[in-house]
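Open the structure in a viewer and keep the selection tool at hand. The stops below go from one selection to the next.

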Amino acid sequence: MWDYTDTVKDHFRNPRNVGEIENPDCVGEVGSLACGDALKLTIRLGEGERIADAKFLTFGCASAIASSSALTEIVKGMTLAEAEKVTNQDIADYLGELPEQKMHCSVMGREALEAAIRNYRTGSTEKVGLEGRVVCTCFGVTETEIERVVRENDLSEIEQVTNYCKAGGGCGACRSEIQKIVDRVRGASEQPRTAPRPARMTNIQKIKLIEETIDREIRPSLVKDGGDIELIDVEGDRVLVSPRGTCSTCPASPITLKDLVEAKLREFVSEELRVEEVKA
Amino acid sequence: MKTIYLDNNATTRTDDEVLDAMRPYFSDLYGNPSSMHAFGGQVAHAVARAREQVAALIHCSPSEIFFTSCGTESDNTAIHSTLEAYPERRHIVTTRVEHPAVRVTCRHFQSRHGYRLSELPVDSQGRLSLDLLEQTVDDDTAIVSIMHANNETGVVFPIERIAQIVKSHGGVFHTDAVQTAGKIPIDLRRTPIDLMSISGHKIHAPKGIGVLYVRHGTHLPPFIMGGHQEQGKRAGTENVPHIVGLGKACELALRHLDEENTRVRALRDRLREGLMARCMDPYINGDPDSCLPNTLNISFEFVEGEAILLHMDAFGIAASSGSACTSGALEPSHVLRAMGVPFTRAHGSIRFSLSRYTTQDEIDYVIEKTPPIIEKLRRMSPFGRKPEMSTKT
């Protein structure tokens, strides 16, 4: 018996927005009977490409039905531009969570949404994931789709890839190829990022880049130890910061500022920067 | 809410009489049957009596009964020990529809120990070709392991004729009778079966007890070493309460064997006819002419099994499905696929398995509750709505 959350059970037993919109503006159809699940999403747009109504028809298990119901609830009221950013994780989060083996149901939801948006923009009814080379012939999953679920869900094991998009879940002949894709995608994301530094920055650009660098490169390692850092001001090349949490009492704080904060900001923003501590 | 339990091929309720028979052997009669004193000796008598009760159900000698921990242990042992006994024979024959306890074990010997493995196909109704079996078994065949009845479809294989074919080539014949013992008659005096597996919890004994029948004269090396129990073949102090329970369960099964094939069969037929008449696009999986009296495997096209089961669960109805989604696998049941059942039907397959506890009221309740579930899911399905794909409306 699956350990479904109450939200999953509720959306399975009382699914929202079941049906098919007549003369819809967007139609997205993914999956097949043979695959064990399929979803047809129809959308009616209002003013400013805002989703006025969304309905679904789904063949599949409880989590496929619940994911479809959740998808329609999430996107109603969004503009297409907003809907484009919805991920499979958003669907899973809306439902509380899905069992790992059922994550492919949330991916199916995201695929149907993409197909629908693409249908509206281009008139195409082709499944989005079908671009590129088919890796898993049992379930018709392409390299592009595998790369995408690995990247978006930070997957590292073949079994996870199977849980998220079914690839490798049939005869298993493509498993070694899936491993290569996983290694490649992860290898690319784990390489140190080199900063795309604009030659000349306005002050606003510089502050924005400093903030981004703190968020991405510095804060995570401080938070791990219970600390944090706040950007107070930027005056020319002087970056004024204030330690927070355990950092504010840590005797090694000056070293952290030089070795971590200043080093990272110099690497990613500008060689000229100097970091100074201010007591807030 | 009352549970309508129609999943008896998965496990059964322990009979009250079985539990009563077992109870003294926990804290009153807890002696070791191997002890010299009378306190242990009386327990040895209880174990001996249980062995006789099991033997009576399948018409063999009590000394041919070896108690194990479960059906899976019995299956594993039959294959492992036979291959050890006949190292010069390098061929294994089984079917594509076996329980994993047999299928996975045979494949292990193929992939890890280089055995030749023949997995016999079945036709669309789940039947074996005996001609093909005849052509497949040869003088290199060490063991043929073919189940008596399939756990998913209930299809019963003609093991009498299969046993004769195997014996004409000198191989060992093992059958997994976990689904048939106590449901249909088994007479080992008339059928040259060498090894047979039985599981307690499928016949109203508790979980954790099984039997391997070993015909006199069958060469089978010890499978658990380090003690004289079970004629030195399966060492370890006996699981006395469960052995006593299994003995009682076999006695009761023998007593209810007629009922199983009359009253239970009639209820199963009533369920089949009721669902066939009231549900959209139903299909029977299996061979109605050769089927366990308690089993119904039925597919509902264009809907998915897990969704059906969970809606049934809300009404207290417990059944199972060959759908991929129920197991966490992505492909549906290997049994239905071996039969060539289209994926569309395999995903929507439901197995109902009855027992002597099943009542007509329960069956009528299921016949009443199931059709609206199928309709509800069909309305939600992108395929179920297309009228051209539906044969009934």
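At roughly what angle do the axes of helix α6 and helix α7 of chain A cross? Select residues 143–153 of chain A for α6 and residues 158–165 of chain A for α7: the axes cross at roughly 105° and come within 10 Å. The model is a predicted one. Angles of 65 to 115 degrees count as roughly perpendicular, and α6(A) and α7(A) are therefore roughly perpendicular to each other.

Now show the side chains where these helices meet. On α6(A), pick A:Ile146, A:Val149, A:Val150 and A:Asn153; their partners on α7(A) are A:Val161, A:Tyr164 and A:Cys165. Sorted by class, this contact has six nonpolar residues, one polar residue and no charged ones.

**Within chain A: a salt bridge**

Next, select A:Glu177 and A:Arg133, which form a salt bridge with the closest N and O atoms 2.6 Å apart. The pair ties together distant parts of the chain, its members being 44 residues apart. A:Glu177 lies in helix α8 (residues 175–190) of chain A, while A:Arg133 sits in the loop between α5 (103–122) and β4 (134–136) of chain A. Over all chains, the structure holds 55 salt bridges.

**The interface of chain A and chain B**

Display both chains and select the residues in contact: 34 from chain A and 27 from chain B. The area buried between the two chains is about 2300 Å², and carbon and sulfur atoms give 71% of that area. Highlight A:Phe12, A:Leu33 and A:Phe59: these supply 26% of the area that chain A buries against chain B, more than any other three residues.

The rule finds one salt bridge across the interface of chain A and chain B. The count of residue pairs in polar contact between the chains is six.

Then colour chain A by element. The largest share, four residues, comes from β3(A). By class, this side of chain A has 18 nonpolar, 11 polar and five charged residues.

**A helix pair across the interface**

Zoom in on A:Ala62, A:Ser63 and A:Ile65 in α2(A), which meet B:Glu306, B:Ala307 and B:Leu310 in α9(B). The residues of this contact divide into four nonpolar, one polar and one charged.

Conventions: Residues are numbered from 1 along each chain as its sequence is written. Chains are lettered from A and ligands numbered from 1 in the order in which they are written. This is a predicted model: local features need pLDDT of at least 70, side-chain atom pairs count only at pLDDT 80 or more; totals for chains, interfaces and linings use all residues. Side-chain values use heavy atoms; hydrogens and water are left out. Contact means heavy atoms within 4.5 Å. Buried area is the accessible area (1.4 Å probe) that two parts lose on being put together, summed over both. A salt bridge is a side-chain nitrogen of Lys or Arg within 4 Å of a carboxyl oxygen of Asp or Glu. A polar contact is a pair of N or O atoms within 3.5 Å; within protein, one must be able to donate a hydrogen and the other to accept it, and residues adjacent in sequence count only if both atoms are side-chain atoms. Helices (H or I, at least four residues) and strands (E, at least two) are DSSP runs, numbered from the N terminus. Ala, Val, Leu, Ile, Met, Phe, Trp, Tyr, Cys and Pro count as nonpolar, Asp, Glu, Lys and Arg as charged, and the others, Gly among them, as polar. Axes are lines fitted to C-alpha atoms, for helices over the stretch in contact, and angles run from 0 to 180 degrees between N-to-C directions. Angles under 35 degrees count as roughly parallel, over 145 as roughly antiparallel, 65 to 115 as roughly perpendicular and the rest as oblique.
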